[in-house]
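The following note sets out, point by point, what may be said of the structure shown below.

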Amino acid sequence: MTENFLKLVNIEKSFGTEKILAGINLEISKGEFITILGPSGCGKTTLLRIISGIEYPDSGNVLLENNEITNIPAENRNVNTVFQSYALFPHMNVEENVGYGLKLKKINKDIIKKQVDEFLELVQLKGYNKRKVTELSGGQKQRVALARALIMNPKILLLDEPLGALDLKLRRDMQLELKRIQKKMGITTIYVTHDQEEAINMSDRIAVMHKGNFEQIGTPDEIYNTPKTEFVAKFVDSANIFRGKLIKTGKDAEALISNHKINICETKLPVESDILICCRTEEILIGDENIPNQGIPVVVKEKFFGGGNLRIEFVLENGEIATARRHGIDYNLKIGERTIIGWNPKNTVIVEKSDE
Amino acid sequence: MVYLSFMTRGDIWGFKNIFTLENYKTLLDPFYLNIFYNSIKLSVISVFFIILIGYPFGYFMAKQNDKWKKRIMFLIMLPFWTSGLIRLYGWVIVFRSNGTLDKILMALNITEKPLKLLYSYNAVVLGMIYALLPFMILSVYSSVEKMDWSLVDAARDLGASKWRAFYTITFPMTLSGLLSGIVLTFVPSMGLFFVAEILGGNKIVLVGNVIQDLLSRGNNQPLAAAISVILMLMTIITLFLYRKIAKTKKLEGLY
């Protein structure tokens, strides 16, 4: 892997008075699959359009293989995109869509035909050459759009929420499919999504974006287990955030949460700091589940089932809400019941505050 | 009307219920064929200029922001609040010898003598363009408005220059608007006899003028009916062609 295959330096972009990108820095290695994860409106699509050359930044640089490409238009970049709505040309059939880019390069018709067949086979649409794109299903359109981009042999493949319009099962199949193709071709890929599950399943690295900034860039593991900020913790699998005051620092750090003393992870922050403590929902211990310290008193507020998990919501004495997650459908706690919650200190992380 | 077109002309007024093909035979007379030829020629020339002005106009109008779209739409609609005939007389004032246009051009030292535009072929073409242009603009506008611009992004992304993306993507995608604009301007242009009469001063005789003449002065209702039938057939053929080419039954911007 060569480092700095693609380098973004201080990219800024505004539309009118609204700042969309506030100084984005990113380095991507060759062959890497990186996901830009963020809620809608965080600027991720704009960033993708700047990398593809459809949009230009107000300031900052885009470097591809150490060549400045900031102001090179899309058609001369050799970077190709699979668009959110697929953007297939409705007046052309599958073959004409996939071959569009090659035809512009004035490549011999027979070679185009051969390549189109090859790539249709790669995306498992062999024999669909003459089909109208308007008659294809969502998943098939998706595959055509992918073939149309891949056939250009791009240096970087950009995917803009490509699975957003598909149903859950198809989405999971396509995740595997995309990953298979990406590995097979060894293609550098930037994937944009708001779906944390997709991001975690597919990426080598994830860049979590919030309000035009990257809050954290790291492997799925790092993002999930050691979130850097409140936003990352909440956005990726909605972790619990507790407001607390540090009363003991160092190895056996302690914090005051909702007026109760509880052990937390090791920290070097000074005593008396206001801190945010993050604990994943599956790491919250309830009642008699061997809480290693005294725990925080709570009242059960709500229970709901979804995705094979039961989520139990608690209200702390200070009014804050905490959630625990358990497998299965039931847990022997009634709504309104009093209990305590706690955790193993090594399962907590202190996170930075994020802009609202 | 089809029935009437096969009847015999009345001696003084109206018609006799006697079947004849004479009316259609008369139309094969070079005099009438020439009129049809002139009408079609004028329509084709007018529609040609209407496309040249209307397509870019509709295209750029659709690319403006909402505020400007509304303003331009208002300006296009404004003249429709006055009778078309009155507006044509307005043109007479502009075009006539030593009229407004001549005065302006002479004041700006662009021309030395009055242009004598009124009662010329050019004046009729200009009048046609003026009367029919809005229909072209609106139908192109409505098709460009519906255009999915991410398709153009995709084309650019795949290596198409701006111009290339326009004629491989945008133009084919908005062709239905252009074609319906052609139908909406070509068909009425065949019948706009008053434009030729007012701005052409009877020097330019079109099919519409002949029909009007035959009815009001010539007292030949069956022949007028026969010409009308031919005109209708031409309209039907135009619409048929439109459907063949545009592969749709809808006229863009109308229904």
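This is a predicted model: local features need pLDDT of at least 70, side-chain atom pairs count only at pLDDT 80 or more; totals for chains, interfaces and linings use all residues.

1. Helices and strands are here DSSP runs, helices (H or I) of at least four residues and strands (E) of at least two, numbered from the N terminus.

2. The cavity count. One cavity of 30 Å³ or more is found. The largest cavity has a volume of about 40 Å³. Its lining is made up of A:Leu146, A:Leu150, A:Leu157, A:Leu159, A:Leu178, A:Ile181, A:Gln182, A:Ile187 and A:Thr189. Two or more lining residues come from each of helix H4 (138-150), strand E7 (156-160) and helix H5 (168-185) of chain A.

3. Which element gives the largest share of the lining of the largest cavity? That share, three residues, comes from H5(A). By class, the lining residues of the largest cavity comprise seven nonpolar and two polar, with no charged residue.

4. The five-stranded sheet. Chain A holds an open sheet of five strands in the order E15-E19-E16-E17-E18, with antiparallel pairing. At its edges are strand E15 (285-286) and strand E18 (321-327) of chain A, each of which pairs on one side only. Two bridges connect E15(A) to strand E19 (residues 338-342) of chain A in the antiparallel sense. In this pairing, A:Leu285 has A:Gly342 of E19(A) as its bridge partner.

5. A hairpin in chain A. Strand E12 (residues 254-257) and strand E13 (residues 260-263) of chain A run antiparallel and are joined by four bridges. The bridge partner of A:Leu256 in E13(A) is A:Lys261. Two residues lie between the strands of the hairpin of E12(A) and E13(A), where A:Ser258 takes a positive phi near 50 degrees.

6. Chain B. The secondary structure of chain B consists of 11 helices and two strands. Along the sequence, the pattern of chain B is β-β-α-α-α-α-α-α-α-α-α-α-α. The C-alpha trace of chain B spans about 70 × 50 × 30 Å along its principal axes.

7. The interface. On the side of chain B, the residues B:Asp153, B:Asp157 and B:Leu158 supply 40% of the area that chain B buries against chain A, more than any other three residues.

8. Salt bridges across the interface. Side chains of opposite charge can pair when their charged atoms come close. Two salt bridges are found across the interface of chain B and chain A. A salt bridge links A:Glu75 with B:Arg156, with the closest N and O atoms 2.7 Å apart.

9. Salt bridges overall. Over all chains the count is 27 salt bridges. A salt bridge within chain A pairs A:Asp58 with A:Lys13, the closest N and O atoms being 3.9 Å apart. This pair links distant parts of the chain, 45 residues apart: A:Asp58 is in the loop between helix H1 (44-52) and strand E4 (59-64) of chain A, and A:Lys13 is in strand E1 (residues 6-15) of chain A.

Methods. Residues are numbered from 1 along each chain as its sequence is written. Chains are lettered from A and ligands numbered from 1 in the order in which they are written. Side-chain values use heavy atoms; hydrogens and water are left out. On a 1 Å grid over the protein atoms alone, a cavity is a set of points where a 1.4 Å probe fits but cannot get out, and a pocket is an open set with protein on both sides within 12 Å along at least five of seven lines; lining residues have an atom within 4 Å of a point. Grid points are joined across faces, edges and corners, and a volume is the space filled by probe spheres set on the points. Ala, Val, Leu, Ile, Met, Phe, Trp, Tyr, Cys and Pro count as nonpolar, Asp, Glu, Lys and Arg as charged, and the others, Gly among them, as polar. Two strands pair if DSSP finds at least two bridges between them. Buried area is the accessible area (1.4 Å probe) that two parts lose on being put together, summed over both. A salt bridge is a side-chain nitrogen of Lys or Arg within 4 Å of a carboxyl oxygen of Asp or Glu.
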